[in-house]
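Please follow the chain through its sheets, helices and side-chain pairs with the structure open beside the text. The paragraphs below move from strand pairing to packing, and then to individual side chains.

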Amino acid sequence: MSDRKLRSYDVVVIGAGPVGENVADRTRAAGLSTVIVESELVGGECSYWACEPSKALLRPASLYREAAAFPGVAAAVTGALDAPAVLEHRDRMAAGWNDRGQVEWLDSVDVDLIRGHGRLDGPRQVTVHTPEGETVRLTARYAVAVCTGTSAALPPLPGLDALRPWTSREATSAREVPGRLAILGAGVVATEMAAAWQALGAQVTLIARESRLLGRVEAFAADLVAERLRAAGVDLRFGTTITAADRAGGPDDTIHLTLADGARLVADELLLATGRAPRTEDLGLDTVGLRPGAWLTTDDTFTVTAVDGEWLYAVGDVNHRALLTHQGKYQARIAGSVIAARALGNALDTSRWGPHAGTADLEAVPQVVFTDPEIAAVGLTTEDAARAGRTVDVVDYDSGRVAGAIQHDPGYRGRARILIDPDRRVIVGATFAGAGVAELLHSATIAITAEVPLDRLWHAVPSFPTISEVWLRLLETYRDQQPSFALGETR
């Protein structure tokens, strides 16, 4: 067998999305020879079918709504959104689904790339089947990192293949605006795509088994999103689901849906946004004693706990700790440092905050839902606290009363909430809903992860007039609720 088909590296990374790229970057920077295996596009789901294209669809819609309602600007806004121009902008943000730039980056950091489907083939062994029909066998001296992410989890609808439904991929890469779009789901993908395609001219019907949208965020924030979607023309149907679906085919080619409540709908496209599943079904997990298709459980070094020898790592969505790109990249930086430390014989210090232990993806996970209005949240929600039996003080403030919010939008509607641990006097959760709140999130993340005492946070003075002044109003509200705490003391 030629050297081309049998190769040894210090580290083999399966999956060249943002997570795999960051693992490879860290291990290569430490001097370890590294190869990355990718079956699709280098850059992964986020670059081409998720974060980047979805935000490219959503941003024009939010700009249009704000401009159309703003004094002195509204009269200049005529007509509807230019859907072809928005889709062209989306294409640019997804790099035209061409990964040349990402491949050039891999070359610049001296990471090898093998295109093809990679599978584990025993401890520290990976077999790659290339598009050319070749088989490349890789041996990892120190580590294999699985960074394969997730794919759409489809519900058990009869005749699913014949329906040709959209998943999140088709929803973010569609070439034309459908006349009628039905969406099954109530999570982030469902709500963001409902907002985007309704703004671009589709008539959207969102069908949810749940009683409300976005079950993992504070109810008040989800209610604001539902209110705005309805105002935009989205038909929201809660407490039901699809029991039967059929695509007519032929020139009509419409989809006929029957709901659990007996209602019937006709749509041109159906988006199934019902969750995510790990991409581990055809990964060779059985060759190392794991179950194909399973999530890969890890410790805080992102080492797979069910495999002996500290050589197999699962990083990013595939470990089910926090299914978010930024959290996956955080994990990747830690995993890369762990792999390098073990390979070079350095002792791991997991007793402190870094660089060899990850904890921020457990209780302080920041997330933005780019709907209208935006939702930015980190840490616990009130429902989380109740389930965990944790006592928290809840502080709410109407963000529309803040001068910076009114400058942003004279008719600003929004709300902010922080959860406070009354014993430790630190913030353990924060949620902001309203236009422009995404930029408030990092300050909340710092306050929670650093466990900044309220007495010190009082002295972090927000600029006037900005929406960030809501921080001051929240602390003042808490002071009024709990006067014995005497906020503002210098210690």
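The model is a predicted one, in which local features need pLDDT of at least 70 and side-chain atom pairs count only at pLDDT 80 or more, while totals for chains, interfaces and linings use all residues. Residues are numbered from 1 along each chain as its sequence is written, and side-chain values use heavy atoms, with hydrogens and water left out.

Strand E12 (residues 255-259) pairs with E13 in the antiparallel sense over four bridges; two strands count as paired if DSSP finds at least two bridges between them, and the elements themselves are DSSP runs numbered from the N terminus, helices being H or I with at least four residues and strands being E with at least two. Both strands belong to an open sheet of three strands with antiparallel pairing, in the order E11-E12-E13. Strand E11 (242-247) and strand E13 (264-267) are the edge strands, and each has a single partner, so one side of each is left without a neighbour in the sheet. On average, neighbouring strands of this sheet are turned by 20° against each other, direction ignored.

A second open sheet has four strands and parallel pairing, in the order E10-E9-E8-E14. Its edges are strand E10 (235-238) and strand E14 (269-272), each of which has a single partner strand, so one side of each lacks a neighbour in the sheet. From one strand to the next, the twist averages 15°. Within this sheet, strand E9 (residues 203-208) runs parallel to E10 and is joined to E10 by four bridges, and the bridge partner of Thr205 in E10 is Asp235. Helix H8 (residues 188-199) lies across strand E8 (180-184), E9 and E14, running at about 165° to E9; such angles run from 0 to 180 degrees between N-to-C directions, with axes fitted as lines to C-alpha atoms, for helices over the stretch in contact.

The structure holds three aromatic pairs, where rings of Phe, Tyr and Trp (its six-membered ring) pair if their centres lie within 6.5 Å, and planes under 30 degrees apart count as stacked, over 60 as edge-to-face and the rest as tilted. Trp166 and Trp197 form a tilted pair, 5.8 Å centre to centre with 55° between the planes. This pair links distant parts of the chain, since Trp166 is in the loop between helix H6 (160-163) and helix H7 (168-173) and Trp197 is in helix H8, 31 residues apart. Trp166 is buried at a relative accessible area of 8%, and Trp197 is buried at 0%; buried means under 20% relative accessible area, exposed over 50% and partly exposed in between, with a 1.4 Å probe and protein chains only.

In another aromatic pair, the rings of Phe432 and Trp471 have their centres 5.7 Å apart and their planes at 65°, so the pair is edge-to-face. Phe432 in strand E21 and Trp471 in helix H16 are 39 residues apart, and their pair links distant parts of the chain. Both Phe432 and Trp471 are buried.

Glu451, which follows H14, has a positive phi near 50°.

Finally, the cysteines. A disulfide, defined as a pair of cysteine sulfur atoms within 2.5 Å, joins Cys46 to Cys51 with an S to S distance of 2.4 Å, and the count by this rule is one. The torsion about its S-S bond is about -130°, so the disulfide of Cys46 and Cys51 is left-handed. Cys46 counts as buried at 12% relative accessibility, whereas Cys51 is partly exposed at 27%. The sulfur of Cys147 is 14 Å from the closest cysteine sulfur, in Cys46, too far for a bond.

How values were computed. Contact means heavy atoms within 4.5 Å.
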